[in-house]
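Work through the exercises below with the sequence and the model side by side. Each task is followed by its solution.

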Amino acid sequence: MVKALVYKGGLQLSNWIVTSKDLYLLVKMLGGKVLIGITNPFPHYQEDDELEKEWESMFKKLNKMGLVDYIQGELKFEGQFIEAMWVLARSNLVAEIVTDHQEQSIFYFSDDRVIECLKESEMSFKVIQHPAPNHTMKQIIFPRMLMGIEDRAVRVGDPLYIIPREYLSYCEHLAIFNVNQVAINNNMDSDCLLVKQFNKSIQRKIHTNRLMMFYRDKNEWNIEGVHVLASPSYNWTLRMMRKNGIEWLEAKQATGDKLVREIVGVLERVKENHLVK
């Protein structure tokens with residue numbers, strides 16, 4: 001379908017609004033196998049031929065946006081736009097931030113830049129280019145994870161292990177619906193201080209943010225991640241981990257410094273795989 005890709009001049013990335021369909025088709029065109037963080041918008045399509053109308057519609061729209069021309073059998077893309085799509089197609093490291101269950105951003109890393117896809121609606125994303133990975137982590141990702149969170153003292157330093165899907169429900173309903181089971185999972189009494197404090201923080205939740213980092217090692221994708229829960233009572237970090245073959249969140253009360261260290265720890269564990277410099 002595509003005879004050649006020829007780059008034209010550049011545009012400001014922050015002005016681009018594209019859909020999940022556009023991103024999926026462009027990454028597929030460039031040979032990408034997986035688009036981490038964005039759900040396949042064509043789950044019922046089996047063959048590329050079935051996508052022909054979708055390709056045609058996308059190219060017409062991108063043409064109107066000044067991002068692509070079709071000249072003498074060649075697709076000619078705006079340079080920065082197609083370079084950004086190459087990052088999405090080839091990235092071995094992807095970070096996703098979700099703040100307060102509302103704002104979602106997906107960051108695709110390359111050696112010299114990071115492309116952010118900021119979710120504007122259920123189907124559309126704003127495409128933004130950021131500088132090198134280290135700068136993006138320190139100046140963009142860390143501040144977003146900690147925005148609006150105040151320093152709190154730690155009263156109990158012990159961990160509490162929570163089922164991830166249950167934690168999402170707690171935050172949504174501002175209540176722990178299975179206090180007794182949480183206590184049993186942690187070999188504690190349901191009226192122990194740690195369980196009570198976590199329950200109180202859920203009930204008084206101000207912010208809940210999540211950072212997940214997906215990195216490819218050979219042909220396998222791995223995940224590191226942490227949630228941050230802020231309340232007027234206590235702040236908590238909830239680190240993703242496996243224990244006895246089960247996925248857990250290890251919840252601990254945290255001061256402001258500890259919140260930073262835990263978020264940095266996600267990056268450090270990924271650095272061990274030599275994916276971020």
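Ala, Val, Leu, Ile, Met, Phe, Trp, Tyr, Cys and Pro count as nonpolar, Asp, Glu, Lys and Arg as charged, and the others, Gly among them, as polar. The model is predicted: local features need pLDDT of at least 70 and side-chain atom pairs pLDDT 80 or more, while totals for chains, interfaces and linings use all residues. Residues are numbered from 1 along each chain as its sequence is written, and side-chain values use heavy atoms, without hydrogens and water.

**Exercise 1.** Sort the lining of the second largest pocket by class.

Step 1. A pocket is an open set of points on a 1 Å grid over the protein atoms alone, where a 1.4 Å probe fits, with protein on both sides within 12 Å along at least five of seven lines; lining residues have an atom within 4 Å of a point.

Step 2. The lining consists of Ser20, Gly37, Ile38, Thr39, Pro41, Gln104, Lys119, Glu122, Met123 and Phe125.

Step 3. Sorting gives four nonpolar, four polar and two charged residues.

**Exercise 2.** Describe how helices α1 and α3 cross.

Step 1. Helices are DSSP runs (H or I, at least four residues), numbered from the N terminus, and strands are runs of E (at least two). Axes are lines fitted to C-alpha atoms, for helices over the stretch in contact, with angles from 0 to 180 degrees between N-to-C directions.

Step 2. The axes of α1 (residues 20-29) and α3 (residues 79-90) come within 9 Å and cross at roughly 80°.

Step 3. Angles of 65 to 115 degrees count as roughly perpendicular, so α1 and α3 are roughly perpendicular to each other.

How values were computed: Parallel < 35°, antiparallel > 145°, perpendicular 65-115°, else oblique.
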